[in-house]
Amino acid sequence: MIRGLCKLLLVCLGCAAAGSALAELVVVVNARSGVAAMTRNEVVNVFFGRNRQFFNGLEALPVDLDDANPKRAQFYKLLIGKDLSDINAYWSRQVFTGRMQAPPRLQSTDEVLKWVVSHPGGIGFIELSRADARVRVVYELKP
């Protein structure tokens with residue numbers, strides 16, 4: 001019986017760890033930006049530099065995570081179904097041709113949250129559980 005309980009406990013702990021690894025990601029903007037919601041296409045266009053303003057004319061300032069952070073791979077896989085190698089190749093082409101610069105990359109979602117809060121046009125992605133009154137969730141990424 002004790003072995004059965006130990007196995008059940010290990011399974012539960014494994015599920016909890018898997019759940020945290022796949023925490024729901026959301027796109028957030030500075031709460032003072034005036035942006036209430038965005039479509040998937042609008043999010044894609046901002047994060048890929050195709051649209052540099054929100055609908056209200058405010059400059060959109062996207063921020064990204066570093067490749068070492070697994071949330072970055074999860075974000076782009078859910079948003080457009082691409083791997084990081086494809087995303088990095090896209091930005092390499094844009095930078096090489098002089099068209100545009102990639103968004104700044106930060107180490108953690110805590111840093112992303114601080115960055116978005118400190119820039120009126122800030123937009124980034126974080127775990128839903130990290131969103132607070134300083135930011136507005138404008139798009140939820142669904143698996």
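## Terms and model

Buried means under 20% relative accessible area, exposed means over 50%, and partly exposed lies in between (1.4 Å probe, protein chains only). By that scale Asp110 is partly exposed, at 36% relative accessibility.

This is a predicted model, in which local features need pLDDT of at least 70, side-chain atom pairs count only at pLDDT 80 or more, and totals for chains, interfaces and linings use all residues. Residues are numbered from 1 along each chain as its sequence is written, and side-chain values use heavy atoms, with hydrogens and water left out.

## Overall build

The protein has five helices and six strands. These are DSSP runs numbered from the N terminus: helices are H or I with at least four residues, strands are E with at least two. Along the sequence the order is α-β-α-β-β-α-α-β-α-β-β.

Of the 143 residues, 38% are buried. Contact here means heavy atoms within 4.5 Å. Among contacts with a separation of 6 or more, 69% join residues 24 or more positions apart.

Two packed helices are described by the angle between their axes and the distance between the axes. Axes are lines fitted to C-alpha atoms, for helices over the stretch in contact, and angles run from 0 to 180 degrees between N-to-C directions. Angles under 35 degrees count as roughly parallel, over 145 as roughly antiparallel, 65 to 115 as roughly perpendicular, and the rest as oblique.

Helix α2 (residues 40-47) packs on α3 at about 130 degrees, with the axes 11 Å apart. The two are therefore oblique to each other. Their crossing is left-handed, a term for a near helix turned anticlockwise from the far one by less than a right angle; clockwise would be right-handed. From α2, the contact uses Arg40, Val43, Val44 and Phe47; from α3, Phe75, Tyr76, Leu79 and Ile80. By class, that gives seven nonpolar, no polar and one charged residues. Ala, Val, Leu, Ile, Met, Phe, Trp, Tyr, Cys and Pro count as nonpolar, Asp, Glu, Lys and Arg as charged, and the others, Gly among them, as polar.

## Helix packing: α3 with α4

Helix α4 covers residues 84-96, and its axis comes within 9 Å of the α3 axis, crossing at roughly 85 degrees. The pair is therefore roughly perpendicular. Arg72, Ala73, Tyr76 and Ile80 of α3 meet Leu84, Ile87 and Asn88 of α4. The classes are five nonpolar, one polar and one charged.

Tyr76 and Ile80 of α3 take part in the contact with α2. Tyr76 and Ile80 also take part in the contact with α4.

## Salt bridges

A salt bridge is a side-chain nitrogen of Lys or Arg within 4 Å of a carboxyl oxygen of Asp or Glu. The structure holds eight. One joins Arg105 and Asp67, at 3.5 Å from N to O. Arg105 sits in strand β4 (residues 105-106) and Asp67 in the loop between β3 (64-65) and α3 (70-80), so this pair ties together parts 38 residues apart in sequence. Arg105 is partly exposed at 33% relative accessibility. Asp67 is partly exposed too, at 33%.

Asp110 and Arg130 form another bridge, at 2.3 Å from N to O. Asp110 lies in helix α5 (residues 109-118) and Arg130 in the loop between β5 (122-127) and β6 (135-140), so the pair links parts 20 residues apart in sequence. Arg130 is partly exposed, at 34%. Lys142 bridges to Glu140, with the closest N and O atoms 3.2 Å apart. Lys142 is exposed at 54% relative accessibility, whereas Glu140 is partly exposed at 34%.

## Two buried residues

Val29 lies in strand β1 (residues 25-30). Val29 is buried, with a relative accessible area of 0%. Leaving aside neighbours within four places in sequence, its contacts include Val35, Phe54, Val116, Gly122 and Ile123. The C-alpha atoms of Val29 and Gly122 are 5.6 Å apart, although the two are 93 residues apart along the chain.

Trp115 belongs to helix α5. Trp115 is buried, with a relative accessible area of 18%. Not counting residues up to four places away, Trp115 touches Leu61, Pro62, Val63, Pro104, Leu106, Gly122 and Ile123. Leu61 is 54 residues from Trp115 along the chain, and their C-alpha atoms are separated by 9.7 Å.
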